[in-house]
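Hi,

Here's the structure I said I'd pass on. Have a look at it first, and then read my notes below.

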Amino acid sequence: MPSNSNPFRAAIDQLERVGKLLNIDPSTIERLKHPRREIIVSVPIRMDNGEIKVFTGYRIQHCHARGPFKGGIRYHPKVDQEEVKALAMWMTWKCAVVDLPYGGAKGGVAVDAKKLSKGELERLTRRYTAMLLDDIGPYKDVPAPDMYTDAQTMAWIMDTYSQFKGHLVPEVVTGKPIELGGSEGRREATGRGAAICAREAAKQLGMNMKGLTVAVQGFGNVGQWAAKILEEMGCKIIALSDSTCGIYDPKGFDVRAVMEHKEKTGKLRGFAHGEEITNEELLQLDCDILVPAAMENAITESNAHNIKAKIICEGANGPSTPKAREILYNEGVHVIPDILANAGGVTVSYFEWLQNLHREHWSESVVNQKLENYLVKAYHDVVKTAEEYRVDLATGAYVLGIKRVVDAQESLGLFP
Ligand code: NAD
C-alpha cells in the first residue's frame, strides 16, 4: 500500500486509477470510496493512580460485499480517522487478492501503549470492546492484532464479548493464544507467506533458491520468520537489521542463533558474528532478495536507484513509496507488493476463524499446507493480472482485488 502524508487520499487515488484502467462505472467506484461505517468512541478508563483518562477509539468498516469485515486493531499515538480509513480500504483489497471471504476493516485507539501498565491496557481494551459490542461479531466484524496489540489483547476482547453474550465466542477475534482457540502457525504466518511469495518469484525468474542471498530489514515478527523460512528453503541470509543496527556476513547467518540473541538481549547489536552496517547500507546491498519488514517509506525515490536486489518482497506495510515502485519497475526489479507479500497473517487468521466456528484444531502441517495453497494461487493470480494489463505487480494486485470486490458488489446490487 502506498504511503504519503494523507494515506486515505493515496488509497482513493489508487482506487480511481484502477477504476479508469478497468473502465468501471464511476458510481461503483464512488460507493467504494466511502467506508460503510465509521465508528468513533470515547474510551474512559481509570488509571492506576486513580485519575480518569479518556482515549479516542475507532473502528472503520470499509466494505463487506465479500464477507464479514476483517482487520487489525492498533494502539498507537498517531492513530487517526484518515489513517484507519485507508488501512480499512487496503484490508478489503488484501482479503480479495488472497480470495478470502472477508471484507476490510481496521480499528485503533490513539494511545501510547508503552506508557500504560498491563492493568490499564486491560481496562482500555475491555472498555473499547464494550463500546463496539453491537458492531463486531463472528459474522459481522472479526478483529485481529496489529501494532502494539497482541494475543493477550485478543484474549481480553474475546472474554469481554463473551461475558456480554453469556457464552464463549472464540470466533469473534483471531490472533488469540493457542489455548483459547488460536491457530497453530499464526505466529510465523506473515513471514512464511512472504517467503512463499519470494520463492514463487524466484521460480518465475528462473532462479534456484539454493544459495540465493537475502537481506531482511526489520528483525521483528515478520522479518525473523521470513528469514528463518527462506533459510530453510536454501537461501543464504547475509544481512539483518532492527532499529539498533544492521549486521552483515557474506557467508550467511544461522538465523536461529540470531533469534536467540535477539530474544535474550532485545536487540541485534552485539551479535557475535558479522560486521555492523546501517539500515541504509542494508537496503543497498548486492543481494538477490530484499525483504523490507520494518516500517513505511524505507524505499523512496532518493534510494530506489541504488537498490541492487533482483526481488523485493514487501513484508512491511507500505515500505516503498509509489514513486519508488515506479523507479524499481522501470529498472526491472521484481517487487512483490505488501497486499500480497504480507497476506499470510490474515490468511491464517481466516483458518483460525474456520477452526473456531467448527470447534476444530488443525495441526501445524495442515495450516502450513493450506497457507501454501492460498498464497501460491494468489501470487500467480496477481502475476497473470499484471501481465494481462501490462502493469507492475502492485497495480496487478490492486486490479485483481478491486475487480473481485466490484464483481461481488455488482451482483449484490443496491438496497433498496
Ligand atoms: P515488530 O514490531 O515485531 O517488528 C518490527 C521490527 O522492525 C523490529 O525488529 C524493530 O526493531 C524494527 N525496526 C523498527 N524501526 C526500524 C528501522 N528504522 N530500521 C530497521 N528496523 C526497524 O512488527 P511486525 O509485526 O514484524 O511488523 C512489521 C511490519 O509488517 C509492519 O509494517 C506491519 O504493519 C507489517 N505487517 C505485520 C503483520 C504481522 O502479522 N505481524 C501482518 C501484516 C503486515
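Which of the 20 residues around the ligand come nearest? They are Thr-190, Asn-221, Val-222, Asn-279 and Asn-317. Before you go further, keep in mind that this is a predicted model.

The side chain of Thr-190 has an N or O atom 2.7 Å from an oxygen atom of the ligand.

On to the helix packing.

Helix 6 (residues 186-204) packs against helix 13 (residues 364-389) at about 45°, and their axes are 9 Å apart. From helix 6, the contact is made by Glu-188, Ala-189, Arg-192, Gly-193, Ile-196, Cys-197, Arg-199, Glu-200, Ala-201 and Gln-204. Helix 13 brings Glu-364, Asn-368, Leu-371, Glu-372, Leu-375, Val-376, Tyr-379, His-380, Val-383 and Glu-387. Sorted by class, that contact of helix 6 with helix 13 has nine nonpolar, seven charged and four polar residues.

Helix 4 (residues 118-131) and helix 5 (residues 151-165) also pack at about 45°, with 9 Å between their axes. That angle makes helix 4 oblique to helix 5, and the crossing of helix 4 and helix 5 is right-handed. On the helix 4 side you'll find Lys-118, Leu-121, Glu-122, Thr-125, Arg-126, Thr-129 and Ala-130 in the contact. On the helix 5 side there are Gln-152, Thr-153, Trp-156, Ile-157, Asp-159, Thr-160, Tyr-161 and Phe-164. The contact of helix 4 with helix 5 splits into six nonpolar, five polar and four charged residues.

Then there's helix 1 (residues 7-21) with helix 14 (residues 393-412), where the packing angle is about 75° and the axes are 10 Å apart. Helix 1 and helix 14 are therefore roughly perpendicular to each other. Helix 1 makes the contact with Gln-14, Leu-15, Val-18 and Leu-21, and helix 14 with Thr-395, Tyr-398, Val-399 and Ile-402. How many charged residues does the contact of helix 1 with helix 14 have? None: it has six nonpolar and two polar residues, and no charged ones.

Finally, a couple of backbone details to look at on screen. Phe-415 and Pro-416 are joined by a cis peptide bond, with omega at about 0°. Pro-416 is in the segment after helix 14. Asp-99 has a positive phi of about 65°, although it is not a glycine. You'll find Asp-99 in the loop between helix 3 (81-97) and strand 4 (103-109).

Cheers

How values were computed:
Residues numbered from 1 in each chain as written. Predicted model: local features only at pLDDT ≥ 70, side-chain atom pairs only at ≥ 80, totals over all residues. Heavy atoms only, no water. Axes fitted to C-alpha atoms, helices over the stretch in contact; angles between N-to-C directions. Helix = DSSP H or I, 4+ residues; strand = E, 2+ residues; numbered from the N terminus. Contact = heavy atoms within 4.5 Å. Nonpolar A, V, L, I, M, F, W, Y, C, P; charged D, E, K, R; others polar. Near = heavy atom within 4 Å. Polar contact = N/O pair within 3.5 Å; in protein donor to acceptor, adjacent residues only side chain to side chain. Parallel < 35°, antiparallel > 145°, perpendicular 65-115°, else oblique. Left-handed = near helix turned anticlockwise from the far one by under 90°.
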